[in-house]
Amino acid sequence: MKGKQGIKLAIVIMVVALLQGCLYPKELRKENQNSVREGIMLVQHAVDEYQRKTGLLPLITAGESVPRYEKYEVDFQELLVHDLISEIPKNAFQSGGHHRYLIVNEETKPLVRVMDLNTAQRVNDLERSIRQYKQKQGKLPIGDERYPGFYDIDEKLLNVKLRPILSPYSGEALSFMANEDGNVFADYASDLMKAIEQVQAAPSGEEEDLRPILVEAGMFTPVKSTGYQWEESMPIPVP
């Protein structure tokens, strides 16, 4: 009898734990955001001190083909050697986490931001599936044209079931689009619009890339993105 009661109690505890995970996603997201914020503050301070002492930035230089918002990764080993951090943040890729710490605005005002690896991996997976589909079918699995030169991806044709990827800016489902070459991009137009509405000021230059708005307003880089310009009172991606 006692053994059965113990099993029942264990099941109840497991169910409660699962329900808590399902019922409080906002709280969990807030906890993750706090972890990212604390990590950025720690690494930003270390980067600033490193630059002050050495005149250089502790970054790992990537090749010319690496996109702008994936390019300069923080060199944690340099920060450790100079005793500027005691350990690598637990949410960093090097510690088994889902973020890569990057330095942006490296030539003007170096800022530490993080790259969401879940978003990057989704883009890579979609591109691989699109290439395989095109090899077999001779065409791209795309639907309606979302913007000039960018199309919805017909995931039904790909025959894959993908869980939603949440935007690191808004927490809402992030959508993806493909160009005519089958290259996939995360679509940050909605996030950009929200950020612009919050500052209540429309961008002044039509040729200006809008992505720095997200970098300044948030803690993340717009990974796997294309440039955006302000056209007809809205952010439009440009090829």
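**View A. Lys90 counts as exposed, at 63% relative accessibility.** Exposed means over 50% relative accessible area, buried under 20%, and partly exposed in between, with a 1.4 Å probe and protein chains only. This is a predicted model, in which local features need pLDDT of at least 70 and side-chain atom pairs pLDDT 80 or more, while totals for chains, interfaces and linings use all residues. Residues are numbered from 1 along each chain as its sequence is written, and side-chain values use heavy atoms, without hydrogens or water. The partner of Lys90 is Glu87, in a salt bridge with closest N and O atoms 3.4 Å apart. Here a salt bridge is a side-chain nitrogen of Lys or Arg within 4 Å of a carboxyl oxygen of Asp or Glu. Glu87 is partly exposed, with a relative accessible area of 45%.

**View B. Lys224 and Glu70 form a salt bridge.** Their closest N and O atoms are 3.7 Å apart. The pair links distant parts of the chain, 154 residues apart. Lys224 sits in the loop between α7 and β9, and Glu70 in the loop between β1 (59-60) and β2 (73-74). Helices (H or I, at least four residues) and strands (E, at least two) are DSSP runs, numbered from the N terminus. Both Lys224 and Glu70 are buried.

**View C. Arg68, Asp209 and Arg211 are linked in a network of salt bridges.** Asp209 and Arg211 meet through their side chains at 2.9 Å, N to O. Asp209 is partly exposed, with a relative accessible area of 21%. Arg211 counts as buried, at 12% relative accessibility. The whole structure holds 10 salt bridges.

**View D. Strand β7 (residues 175-179) is mostly covered.** Four of its five residues are buried. Strand β6 (residues 150-153) runs antiparallel to β7, joined by three bridges. β8 is also antiparallel to β7, with four bridges between them. Strands pair if DSSP finds at least two bridges between them. Met177 of β7 stands opposite Asp152, and Met177 also stands opposite Phe185 in β8. β7 and β8 form a hairpin with four residues between them. Gly182, in the turn, has a positive phi of about 85 degrees.

**View E. Phe176 belongs to the largest nonpolar core, of 53 residues.** Such a core is a set of buried Ala, Val, Leu, Ile, Met, Phe, Trp, Tyr and Cys residues joined through side-chain atoms within 4.5 Å. Phe76, Leu79, Tyr101 and Phe176 touch the most other members. Neighbours within four places in sequence aside, Phe176 is in contact (heavy atoms within 4.5 Å) with residues including Leu126, Ile153, Ile165 and Val184. Arg122 and Arg146 are also among its contacts.

**View F. Helix α6 (residues 189-199) has five listed buried residues: Ala189, Asp191, Leu192, Ala195 and Ile196.** They lie on the same side of α6, because they cover an arc of only 160 degrees around the axis. The arc is that of the directions from the helix axis to the C-beta atoms. Their cover includes β5 (142-147), β8 (184-187), α7 (211-217), β9 (227-231) and β10 (234-238).

**View G. The whole chain has seven helices and 10 strands.** Buried residues make up 41% of its 239 residues. Of the contacts with a separation of 6 or more, 53% join residues 24 or more positions apart. The chain exposes about 14700 Å² by the Shrake-Rupley method with a 1.4 Å probe. Carbon and sulfur atoms supply 52% of that area.
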